[in-house]
Amino acid sequence: MNILFFLTPKEEVAHILESDNVREVLEKMEQRGYTAVPMLNKKGKYIGTITEGDLLWYLKEENFPDMQELETVSITSVHRRRDNKAVNVHERVEDLFEKMTNQNFVPVVDDDRIFIGIVTRK
């Protein structure tokens with residue numbers, strides 16, 4: 001069986017760009033109701049995962065700045081405590097299932113680490 005059988009494609013996945021600011025990320029997560037989203041660079045490569053916890057710790061450490069101030073802060077300023085490990089589209093399904101036991105979603109990338117979608121536990 002192929003990993004693509006389980007894939008939710010990038011076009012259907014909420015994701016953020018490393019050029020986004022903290023306010024944009026907070027609003028996107030709130031609108032979609034997600035607790036974690038993949039972060040990509042401008043070329044579409046998977047960088048890591050931003051979680052609600054990462055954002056909450058950042059806000060606490062920065063003494064809860066107002067929303068306008070957050071528009072000036074790049075999301076890359078937020079320390080990520082744990083990135084979801086990605087799988088290559090050509091990996092074995094068993095490798096995918098192993099990662100799924102420890103993360104809510106598994107990012108799927110191509111040979112150039114370009115993000116193509118996610119696989120969720122559902």
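This tour moves through the model one selection at a time.

The structure is a predicted model, in which local features need pLDDT of at least 70 and side-chain atom pairs count only at pLDDT 80 or more, while totals for chains, interfaces and linings use all residues. Residues are numbered from 1 along each chain as its sequence is written, and side-chain values use heavy atoms, with hydrogens and water left out.

Select residues 36–40 and 46–51, which are strands β3 and β4. Helices (H or I, at least four residues) and strands (E, at least two) are DSSP runs, numbered from the N terminus. The two strands pair in the antiparallel sense over 5 bridges; pairing requires that DSSP find at least two bridges between the strands. Proline 38 stands opposite threonine 49 in β4. The hairpin has 5 residues between its strands, and glycine 44 in the turn has a positive phi of about 90 degrees.

**Helix α2**

Next, select residues 52–61, helix α2. Which residues of α2 are buried? They are Asp54, Leu55, Tyr58 and Leu59, where buried means under 20% relative accessible area, exposed over 50%, and partly exposed in between (1.4 Å probe, protein chains only). These residues lie on the same side of α2 because they cover an arc of only 130 degrees around the axis; the arc is that of the directions from the helix axis to the C-beta atoms. On the other side of α2, Leu56, Lys60 and Glu61 are exposed. Just after α2, asparagine 63 takes a positive phi of about 65 degrees.

**The nonpolar cores**

Select Val22, Ile50, Leu55 and Ile75, the residues with the most contacts inside the largest nonpolar core, which has 15 residues. Such a core is a set of buried Ala, Val, Leu, Ile, Met, Phe, Trp, Tyr and Cys residues joined through side-chain atoms within 4.5 Å. At least two residues of this core come from each of α1, β3 and α2. A second, separate core of 10 residues includes Ile3, Val89, Met100 and Val119.

Now center on valine 22. Not counting residues up to four places away in sequence, valine 22 touches Leu55, Tyr58, Leu70, Val73, Ser74, Ile75 and Val78 (contact: heavy atoms within 4.5 Å).

**The open sheet**

Turn to the 4 strands that form an open sheet with mixed pairing, in the order β1-β7-β6-β5. β1 (8–9) and β5 (87–88) stand at the edges, each with a single partner strand, so one side of each is left without a neighbour in the sheet. β5 pairs with strand β6 (residues 105–109) in the parallel sense over 2 bridges. Valine 87 stands opposite valine 108 in β6.

**The salt bridges**

Finally, display the charged side chains. A salt bridge is a side-chain nitrogen of Lys or Arg within 4 Å of a carboxyl oxygen of Asp or Glu, and by this rule the count comes to 6. Select arginine 23 and glutamate 27, whose side chains meet in a salt bridge (2.8 Å, N to O). Both lie in helix α1, 4 residues apart, about one turn of the helix. Glutamate 71 also meets arginine 23 in a salt bridge (2.8 Å, N to O). Glutamate 71 lies in the loop between α3 and β5 and arginine 23 in helix α1, so this pair ties together parts that are 48 residues apart in sequence.

Arginine 92 forms a salt bridge with glutamate 94, the closest N and O atoms being 3.9 Å apart. Salt bridges that share partners join Arg23, Glu27 and Glu71 into one network.
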